[in-house]
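Please go through the following model with its sequence at hand.

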Amino acid sequence: MDNNTCKVGTRFTAGIAATAFGAVFALGAASASAEDVTLTIESWRNDDLEIWNSKIIPAFEAQNPGIKIVFAPTAPAEYNAALNTKLQAGTAGDLITCRPFDASLQLFEKGHLASVNDVPGMENFSRVAKSGWSTDDAATTFCVPMASVIHGFIYNKEAFKEVGVEAPTTEAEFFAALDKIKEDGNYVPMAMGTADQWEAATMGYQNIGPNYWKGEEGRLALIEGKQKLTDDPWVEPYRVLAKWKDYLGDGFEAQSYPDSQNLFTLGRAAVYPAGSWEISGFNVQADFELGAFLPPVKTASDTCYISDHVDIALGMNAKTGNAEAAKTFLSWVASAEFAEIYANSLPGFFPLASHDVKLEDPLAQEFVTWRAKCESTIRSTYQILSRGTPNLENTTWVASANVIKGSEISRRRGEESAGRPRQLVQAATVNAGTLSGRDASSCGPIGLSTHKLRDREFRRG
C-alpha cells in the first residue's frame, strides 16, 4: 500500500468518525430536547404560589428530570373567564386546576378536559372523592382529586375553660354549653352573621344537616327522587338552625363573613361554625389555643356524619402537546408524597386519596380524625341539584339566613318548623328519572338539561 492510499484511508476513517460523532451528538441533543418538557398549570389559587415554587414543584422535579413545572395562577375572580378564553384560543396550560362539579363538567363536555380514568393512582380515590369531577353516571373522571375541606366547629379553649364547659357531642350538650356561655356574659356564644347569607347555609345548614339526612344515604336519595326536601330529615336542620339566633350576639343580621372571623380571632366569641379552610388564618390571627368539635348528634349513640366536601382537583388540557408528561405529573398528584406535602403546606385542605398521611398541624389533625369516627358526605346542593331555576344552592343560602333571623319560621301542625324553606325547596325537588337517562326537561321547574350551576368565588376555594 502506497502513502497516498494510506492518506486517503486515514482521511476516510477520520471522516467516518467525525460523521459518527456528529450523528451521536445530534441524537443526544434531540433526545435531551425531547425529554425537556415544560408543563404549565392553570389555577385560581394565587395564594399558593410560594408553596408550589418552594415545596411541591422541587419535590416532583427531583424525581422527574426533564419535566419542568410552571405554576401560573390567575386571580380567583378572573379565573373562569380567563381560562375559558385561553381554552378557546388554544393557549391554555397543559394542566387545569378544577373546581368541583358543574364548572369543570362543562369543560369536559366541551372537550377541554381529558379523561383521567387511565392515570395510575386513580384507584386510590373513592367514588365520593371523585364525585366532584366525574360525569353524572360516574363512568368518567376528568380531574385528579387533590383536597377536600371538612365542616365542624372551632372553639376558644381558654373561653371554654374559663366558663367551665366541655366540647359538646350531642345537640342538648351543644345548646347547654351555649346557654352557659351566654349567661357568663364575657363572650358572644357563637360568631356567625347572616349579611352574606352563604355562611348560614355552608357553615350552618350543610354543617349540621348530614346528621339528620344521614349523609350520602339522604343526599343520593334526594338526587334519585326517593326523598324530597320537604321530608322531615331535610326540614329538621332548619328547626335546629332557628335556635342559633339567641346565641349570635347583637346585630348579627348586619354581620359579614369577615366580621365574624374578626369577632372570633379577637377572642370576643367562644365558638365559630367553621370550615377547615379557616385553620391557616386562625392559627396566625388568634392568640389563644384553638380546639374543634364535631357537628353534634341528636343522641350519643347516633352515627355521626360530616361534610367532607370535595374542593379542588387537577385535570389535563385535552389539547396539550405533552400528554405523557402531564399524565406523569397527575399520577404523582395521586401519590402519598404529594398528599403529605400539600396537606402540611395548606392545613385544612385534606387529601382525598386513601393514603395514611400524618398532619403536623394539631387542629388540622383533629379535623381529619373525624373521617375515622364518622361517615363522610358532601354538600347536598352541589351535585346536579343546583342546575336550573331556582338555583338550589342560592335558595339554600337565603332560606338558611332567613330561618336564623326568624323571618321564615311558622307554626305548622302545632310544632315549630321552617315554613318558607318548604315552599322554596319544593320547586327544586327532582324526579327520580333524572339519573336514569330520561329527558330532564320533564323534571318540572328545575330544568336540569338546560341550566347550569352559576359559578361562585369563595375565600375557601
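The predictor's confidence in each residue is given as pLDDT, on a scale from 0 to 100. For this chain the mean pLDDT is 85, and 81% of the residues reach 70 or more. Over residues 1–33 the pLDDT is below 50, and beyond near neighbours in sequence this stretch has 1 contact in the model, where contact means heavy atoms within 4.5 Å. Over residues 410–421 the pLDDT is also below 50, but here the model has 25 contacts beyond near neighbours in sequence.

This is a predicted model, in which local features need pLDDT of at least 70 and side-chain atom pairs count only at pLDDT 80 or more, while totals for chains, interfaces and linings use all residues. Residues are numbered from 1 along each chain as its sequence is written, and side-chain values use heavy atoms, with hydrogens and water left out.

The chain has 18 helices and 11 strands. Of the 461 residues in the chain, 55% are buried. Buried stands for under 20% relative accessible area, exposed for over 50%, and partly exposed for what lies in between, with a 1.4 Å probe and protein chains only. Among contacts between residues at least 6 apart in sequence, 76% join residues at least 24 apart.

Helix 2 (49–63) packs against helix 14 (323–333) at an angle of about 115°, with the axes 11 Å apart. That makes helix 2 roughly perpendicular to helix 14. Axes are lines fitted to C-alpha atoms, for helices over the stretch in contact, and angles run from 0 to 180 degrees between N-to-C directions. Angles under 35 degrees count as roughly parallel, over 145 as roughly antiparallel, 65 to 115 as roughly perpendicular, and the rest as oblique. From helix 2, Trp52, Ile56, Ala59, Phe60 and Gln63 meet Thr328, Phe329 and Trp332 of helix 14. By class, this contact has 6 nonpolar, 2 polar and no charged residues. Ala, Val, Leu, Ile, Met, Phe, Trp, Tyr, Cys and Pro count as nonpolar, Asp, Glu, Lys and Arg as charged, and the others, Gly among them, as polar.

Helix 2 and helix 14 are also among the elements that cover the buried residues of helix 15, as are strand 4 (144–156) and strand 8 (305–316). Helix 15 (residues 336–345) is mostly covered, with 7 of its 10 residues buried. These are Phe338, Ala339, Ile341, Tyr342, Ala343, Asn344 and Ser345.

Helix 8 takes part in two helix pairs. With helix 11 (residues 232–242), the axis of helix 8 (residues 198–208) comes within 9 Å, and the two cross at roughly 120°. Helix 8 and helix 11 are therefore oblique to each other. On the side of helix 8 the contact is made by Ala200, Gly204, Tyr205 and Ile208, and on the side of helix 11 by Trp234, Pro237, Tyr238, Val240 and Leu241. This contact has 8 nonpolar, 1 polar and no charged residues.

With helix 17 (residues 392–405), helix 8 packs at an angle of about 85°, the axes being 7 Å apart. This pair is therefore roughly perpendicular. Trp198, Ala200, Ala201 and Tyr205 of helix 8 make the contact with Thr396, Trp397, Ser400, Ala401 and Ile404 of helix 17. Its classes are 7 nonpolar, 2 polar and no charged residues.

Helix 8 is also one of the elements covering the buried residues of helix 12, and others include strand 4, strand 5 (188–190) and helix 13 (279–285). The buried residues of helix 12 (residues 257–265) are Tyr257, Ser260, Gln261, Leu263, Phe264 and Thr265. Gly267, which follows helix 12, has a positive phi near 85°.

Helix 11 is in turn among the elements that cover the buried residues of helix 10, together with helix 5, helix 9 (210–213) and strand 9 (375–377). In helix 10 (residues 216–223), 6 of the 8 residues are buried: Glu216, Gly218, Arg219, Ala221, Leu222 and Ile223. Just after helix 10, Gly225 takes a positive phi of about 80°.

His112 lies between helix 4 (102–109) and helix 5 (127–130). Is His112 buried or exposed? At 14% relative accessibility, His112 counts as buried. Leaving aside neighbours within four places in sequence, His112 is in contact with Leu87, Leu107, Met316, Asn317 and Ala318.

Technical notes: Helix = DSSP H or I, 4+ residues; strand = E, 2+ residues; numbered from the N terminus.
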